Amino acid sequence: MKFLWDSALGLLVVTGGLLGLTLPFGKIATAAGVSAMVWALVISLGAGSVLLCALLLRGQRIRLTLHRLRYFFVTAAVSYAFPNLLMFSAIPHLGAGYTGIMFTLSPVVTLVFSILLGVRRPNLLGIVGIAVGFLGAVMVAVTRGEAGQPAEFFWVAVGLLIPVSLAAGNIYRTVDWPEGTGPIELAVGSHLASAALLLCGIFTQQGGGSLALLGGVPLVVVGQVASAAAMFAFFFRLQAVGGPVYLSQIGYVAAAVGLFGGTIFLGEHYQLLTWAGAAIIIAGVFITTKAQSQITTKAQSQTGEKVAA
């Protein structure tokens with residue numbers, strides 16, 4: 001266990017794998033009649049509660065200020081509630097594997113947003129990576145889900161909104177991170193804020209009776225809560241060991257788990273073009289990750305030269 005805790009590669013595989021389990025769990029739950037909003041609540045409330053217990057056991061607490069409250073609820077809406085709602089709404093129409101491919105687009109879309117907002121300037125390699133990732137996304141979008149069961153373009157658009165929302169969350173969390181606040185405290189506050197938003201939506205739109213359907217899939221609920229809580233624990237350790245660039249690669253592992261898990265265990269079938277597009281997207285993300293690494297290294301060397309001068 002200590003080897004895993006100190007291994008960036010091991011943490012990457014475990015974290016991405018746990019994230020990928022969300023896709024087949026979500027498909028099983030929605031197939032049993034559980035609404036997308038209720039299943040998104042299971043993730044946020046489950047992960048938030050477990051992480052809160054861990055925080056309290058460490059003798060820490062959530063400190064509430066206007067800035068933190070704003071951060072909690074904006075992050076909750078953009079990074080958790082909305083993308084999870086999109087994901088679990090799209091899975092029954094697109095398949096768990098196809099929806100998982102959307103995770104791989106998040107780093108590319110994040111870089112695009114960084115460029116548009118002036119947060120980061122890309123080099124030539126970064127532009128190439130964006131172009132390659134976009135080509136792969138077009139190839140995947142054209143196939144429209146599982147082979148022989150093309151989904152409406154509306155659901156493809158819903159799926160493509162997932163990485164857009166995740167990317168917006170990535171930018172926001174970086175820009176508005178409350179000073180002096182640790183990542184676990186922010187994760188707890190944001191997940192519980194997401195649960196509060198989702199509960200309001202459930203009671204106003206579906207009624208409390210929709211929660212009763214969770215009783216039909218108790219083992220799936222336990223599995224989802226356990227995997228989500230463990231994923232966030234490993235997530236923060238991976239960020240400490242591997243850094244943010246390495247961390248961004250969990251989407252590849254999650255997509256692979258969703259794609260192969262959907263194919264092997266859920267009987268999903270995808271066209272060759274879908275698999276080719278997924279491979280091209282991953283190649284594009286590797287290129288953009290390399291480009292970001294080059295920019296970071298260059299900035300660090302320039303800073304070192306200034307200090308030495």
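Me: What pattern does the protein follow, read along the sequence?

Reply: It goes α-α-α-α-α-α-α-α-α-α-α-α, with 12 helices and zero strands. Helices here are DSSP runs of H or I with at least four residues, strands are E runs of at least two, and numbering starts at the N terminus. This is a predicted model, where local features need pLDDT of at least 70, side-chain atom pairs count only at pLDDT 80 or more, and totals for chains, interfaces and linings use all residues. Residues are numbered from 1 along each chain as its sequence is written, and side-chain values use heavy atoms, leaving out hydrogens and water.

Me: Take α8. Which of its residues are buried?

Reply: An α-helix has 3.6 residues a turn, so residues three or four places apart point the same way. In α8 the buried ones include W155, V158, G159, I162, P163 and L166. Buried means under 20% relative accessible area, with exposed over 50% and partly exposed in between (1.4 Å probe, protein chains only).

Me: And what covers the buried residues of α8?

Reply: The cover includes α4 (66-94), α5 (96-101), α6 (106-116) and α7 (124-143).

Me: How do α4 and α8 cross?

Reply: Two packed helices are described by the angle between their axes and the distance between the axes. For α4 and α8, the axes come within 9 Å and cross at roughly 160° (lines fitted to C-alpha atoms over the stretch in contact, angles from 0 to 180 degrees between N-to-C directions). That makes α4 roughly antiparallel to α8, a label for angles over 145 degrees.

Note on methods. Contact = heavy atoms within 4.5 Å. Parallel < 35°, antiparallel > 145°, perpendicular 65-115°, else oblique.
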